[in-house]
Amino acid sequence: MRRTFTLRILLVLLLLPAFAHAQKDTTKAVPKVVFSGYVDAYYAYYTDSVGDGNFQKWPSIAPRSDQFGLNTAMITAQYDADKVRGIITLHYGDIARSAWSTTQNNIMEAHAGVRLCKKLWLDAGFFRTHLGTEGLLPKENFASSVSLSTWHEPYFESGMRLNYNPNEKLAINLYVLNAYNLYEDNNTKKSLALLATYALGDKGNIGYSNYIGDDTPTAADSIAHLRIYNNLFVNYTIKKLKIQVGVDNCMQENSDLKNAKKSASMLSGVASLKYQFTPMFAGYARYEFFNDPQGFMGGVIVDQKGEATGLNLWGITGGVEYKPTDASYIRLECRQLIADKDQEVFRWDKHITNGRTEVLLNLGISF
């Protein structure tokens with residue numbers, strides 16, 4: 001009898017670790033795959049004649065004038081488990097055609113990750129940009145169109161990301177990337193980048209992002225052009241009013257128009273307001289500016305004085321939004337862009353001009 005009791009005790013002791021391990025496993029996150037989608041359609045009208053079938057200047061959102069179009073039709077599959085994760089988003093439409101990679105234009109993002117420890121992840125693959133104040137998609141912003149600041153920032157990137165979340169408020173992401181707004185590298189140098197955000201409770205957040213790299217094509221230029229890009233942004237909510245403010249500064253060596261051995265700089269910014277009149281109706285406004293005197297970001301133009309210069313432009317946007325449901329919207333907005341009086345970069349009614357007016361009507365739904 002005593003022998004039988006002893007054997008039972010030994011059996012329990014042997015099975016106890018396995019039982020405890022089994023109990024521990026049940027607390028882990030259950031692996032899951034979530035599918036989602038998004039569609040945004042538009043009608044746009046621009047006072048800039050670029051020719052039938054051509055995209056407007058700075059194309060991404062609603063890039064065709066006097067036409068109905070599809071900004072994006074996208075589908076996302078996201079996998080989350082305790083130690084691994086991954087996401088792939090495929091997109092089609094005018095954003096993919098006008099603003100994305102020429103070699104991988106239907107891949108918006110595709111990356112895989114592994115958990116290195118409790119609060120640290122390592123991800124690798126194709127990412128959406130980490131840089132900037134606004135998002136790219138209309139559903140992510142107050143307005144449907146994007147500012148000139150956002151347009152000149154990268155939309156996509158490839159490389160590796162170290163994601164660290166020490167607490168619920170702070171998130172730090174470190175990147176090693178191929179290049180600025182490229183999936184495929186054009187030289188042997190790699191770039192470094194940072195995104196840090198801090199949550200202000202349920203009121204909003206503040207953040208800083210940067211990019212440091214030399215993307216000079218090896219075959220085209222032997223002179224280095226180190227680029228240091230900085231972005232600072234704030235999102236804040238006061239009752240029914242949402243506020244978004246951001247400023248960008250970029251410096252690049254050996255890029256001055258008059259002295260190729262000097263550095264050049266660009267400064268741009270955006271400030272947006274959105275007021276929620278009712279749960280379904282809202283109005284919004286945005287001010288933006290873009291100043292690139294050496295043209296290393298936006299390209300060199302020849303002004304009416306015959307001088308080579310970079311773009312100096314500002315703009316205002318206003319619109320209204322109706323949301324039939326939380327996952328859908330209809331927006332009507334008007335935007336005016338004004339360049340320096342000598343920078344007549346638009347053409348309308350057989351005349352060149354320094355201003356452009358655009359009207360956008362968007363309908364979007366997420367599911």
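## First stop: a threonine

Start by selecting Thr-150: its relative accessibility is 5%, so it counts as buried, the cut-off being under 20%. Keep in mind as you look around that this is a predicted model. Thr-150 sits in helix 3. Now show what surrounds it. Setting aside neighbours within four places in sequence, Thr-150 is in contact with Glu-134, Gly-135 and Tyr-155.

## Next: the largest pocket

The volume here is about 700 Å³.

Which strand gives the most to this lining? Pick out strand 10, which supplies four residues. Then colour in some others that each bring at least two, including strand 4 (107-117), strand 5 (120-128) and strand 11 (241-252). Colour the lining by class and you'll get nine nonpolar, 14 polar and seven charged residues.

## Last stop: the second largest pocket

Move on to the second largest pocket, with about 370 Å³ of space. Select Ala-99, Phe-156, Tyr-180, Asn-181 and Leu-182, the closest to its centre out of 21 lining residues. Helix 3 turns up again here: helix 2 (94-99) and helix 3 (148-152) are the elements that give two or more residues to this lining. By class, you'll find twelve nonpolar, six polar and three charged residues around this second pocket.

Technical notes
Residues numbered from 1 in each chain as written. Predicted model: local features only at pLDDT ≥ 70, side-chain atom pairs only at ≥ 80, totals over all residues. Heavy atoms only, no water. 1 Å grid on protein atoms, 1.4 Å probe; cavity = no way out; pocket = protein on both sides within 12 Å on 5 of 7 lines; lining within 4 Å. Points joined across faces, edges and corners; volume = space filled by probe spheres on them. Nonpolar A, V, L, I, M, F, W, Y, C, P; charged D, E, K, R; others polar. Buried < 20%, exposed > 50% of the residue type's maximum accessible area, 1.4 Å probe, protein only. Contact = heavy atoms within 4.5 Å.
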